[in-house]
Amino acid sequence: MMKLRSLFTSLPWLCVLLNTCPSQGVTGEKPNVVLIMVDDLGIGDLGCYGNDTMRTPHVDRLAREGVRLTQHISAASMCTPSRSAFLTGRYPIRSGMVSNRTVRVIRSLGVSAGLPTNETTFAALLKNQGYSTGLIGKWHQGLDCQSQSDHCHHPYNYGFDYFYGMPYTLVESCWPDPSRNTELAISSRLWLCVQLVILAALTFTLGKLSRWIAVSWSLILSMILFVFLLGYFWLSSYTSQLYWDCLLVRDHKITEQPMKAERAGYIMVREAVSFLERHHQGPFLLLFCFLHVHIPLPTADAFLGVSKHGLYGDNLQEMDTMLGKILDAIDNLGLKNNTLVYFTSDHGGHLESRRGHIQLGGWNGIYKGGKGMGGWEGGIRVPGIIRWPGKLPAGKVIDEPTSLMDIFPTLAAVSGGTLPQDRVIDGRNLLPLLQGDVQHSEHEFLFHYCGPYLHAARWHPKDSKAVWKVHYVTPVFQPPGAQACYVTTYCRCSG
């Protein structure tokens, strides 16, 4: 038996053949993992990335205590494909999570679309390593296939043990909804009123037929018509986007429909703290996906007017405060030294998001372009901060090209997991770069897609500080002279 074991260890190619090779990583206790993703955050919005007019003390603190990446790149400039690449470590075109149509994201919970279930996510990988896994916040990777309740694309089918949040994404109708308070005020009494009208109509009808009551048929017909009208308006409310897309789900059960958008973020933070408390003995993986700072920017009254940048700035600073509550919970539970915390955005800020002349999207700093633009840096360069006390140096800045896709192999390394051998993994293990064992990124090339179209490619020659970039396609900005596609809301991938 000892000779056989020696033979196996002397043949490194054999573990690859048998799909049993552990990832290169660190020895010792498995760390807890907290991944935090903001929605539509511009890299220029944060103090630690050069902004001196926005207050983001908790993000800045995370950067001081960890490693800050300055060339951190998303694999797509729209929500759905970028997040699929983040989850799987693979370009979204490999998993079919792209579209050659104008709409490049999943636009409704009612469509039969989502991340293929044969894709392996970092949640599934860590679950196999004994981790408790949870997702709180935005999913946007699909939900149903054949019916409203099959939930074939539910996070549970991708390695997550617990889910609370939005299976879809924020849309304009989610906030503010002026009729919502009135609806909530009368909804509990509406059914009682309908029952009373139906009872009265039946009583009058029986009384009329029995000649007990002298009442006209027109009154009875009016009451019946009134009930039908109430029923029609009630059923019509169930066809609205507000009702079907703006909802919160715990596990498989809807908890709020439609949701109160300005309080949803606070509920999610409470859920995150509760998850940390339940699993503080570890190891655990928590993926927390903010609804901030995506339009329509639902913001609590306490944060309205606190920034110098209107509603977007208010929403961003509210996000930073919520991040602080999660970081405080990690500290208070004594988890800080054994928890890897990662902070990022799914892509760049949305330049075309405006209401009149008021800007509602983020700022991408010195970089040209924004959300929806496959090649320009403003659409794909995102914040990247990783803190792991004692394992990663505090305050370090890395200017090498890295990717959201790198988180998958990096988590495999820190957990002792095994990378899938039956598919291409486009991400690279960041640990050697983060810890200073190597000075250059393993990414010689990074490809920048817009839907299925290759818009640009990045070349980082080995053993060189130079970074070259070739553009194959660039968007035609509208109107002429603008720096975005204001006419179409997003820049299109072709045409």
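Leaving aside neighbours within four places in sequence, Phe86 is in contact (heavy atoms within 4.5 Å) with Leu35, Met37, Phe122, Leu287, Tyr342, Leu404 and Ile407. The model is predicted, so local features need pLDDT of at least 70 and side-chain atom pairs count only at pLDDT 80 or more, while totals for chains, interfaces and linings use all residues. Residues are numbered from 1 along each chain as its sequence is written, and side-chain values use heavy atoms, with hydrogens and water left out.

**Cores and helix 4**

Phe86 is listed with Leu35, Phe122, Met259, Leu287, Phe288 and Phe343 as the residues with the most contacts inside the largest nonpolar core, which has 101 residues. Helix 11 (residues 310-332) gives the largest share of this core, ten residues. Apart from this core lies another, of eight residues, including Ile73, Ala85, Tyr91 and Leu446. A nonpolar core is here a set of buried Ala, Val, Leu, Ile, Met, Phe, Trp, Tyr and Cys residues joined through side-chain atoms within 4.5 Å. Buried means under 20% relative accessible area, exposed over 50%, and partly exposed in between, with a 1.4 Å probe and protein chains only.

Both Ala85 and Phe86 are among the buried residues of helix 4, which also include Cys79, Pro81, Arg83 and Leu87. Ten of the ten residues of helix 4 (residues 79-88) are buried, so this helix is largely enclosed by the rest of the structure. Just after helix 4, Gly89 takes a positive phi of about 75°.

**The chain as a whole**

The chain has 14 helices and 15 strands, taken as DSSP runs numbered from the N terminus (helices H or I, at least four residues; strands E, at least two). Of its 495 residues, 53% are buried. Among contacts between residues at least 6 apart in sequence, 71% join residues at least 24 apart. The accessible surface comes to about 22500 Å², of which 59% belongs to carbon and sulfur atoms; the area is from the Shrake-Rupley method with a 1.4 Å probe.

**Backbone features in loops**

Most residues other than glycine have a negative phi, and most peptide bonds are trans. The table gives the exceptions treated here.

| Site | Feature | Value |
|---|---|---|
| Gly282 and Pro283 | cis peptide bond | omega about -10° |
| His292 and Val293 | cis peptide bond | omega about 0° |
| His140 | positive phi | phi about 60° |
| Asp251 | positive phi | phi about 55° |

Pro283 is placed in the loop between helix 10 (261-278) and strand 7 (284-289). Val293 is in the loop between strand 7 and helix 11.

His140 belongs to the loop between strand 3 (132-138) and strand 4 (162-166), and at 2% relative accessibility it counts as buried. Asp251 is found in the loop between strand 5 (248-250) and strand 6 (253-256); with a relative accessible area of 26%, Asp251 is partly exposed.

**The second largest pocket**

The second largest pocket holds about 590 Å³ of space. Of the 31 residues that line it, the closest to its centre are Arg107, Ile295, His350, Thr489 and Tyr490. A pocket is an open set of points on a 1 Å grid over the protein atoms alone, where a 1.4 Å probe fits, with protein on both sides within 12 Å along at least five of seven lines; lining residues have an atom within 4 Å of a point. By class, the lining has 13 nonpolar, ten polar and eight charged residues.

Conventions. Grid points are joined across faces, edges and corners, and a volume is the space filled by probe spheres set on the points. Ala, Val, Leu, Ile, Met, Phe, Trp, Tyr, Cys and Pro count as nonpolar, Asp, Glu, Lys and Arg as charged, and the others, Gly among them, as polar.
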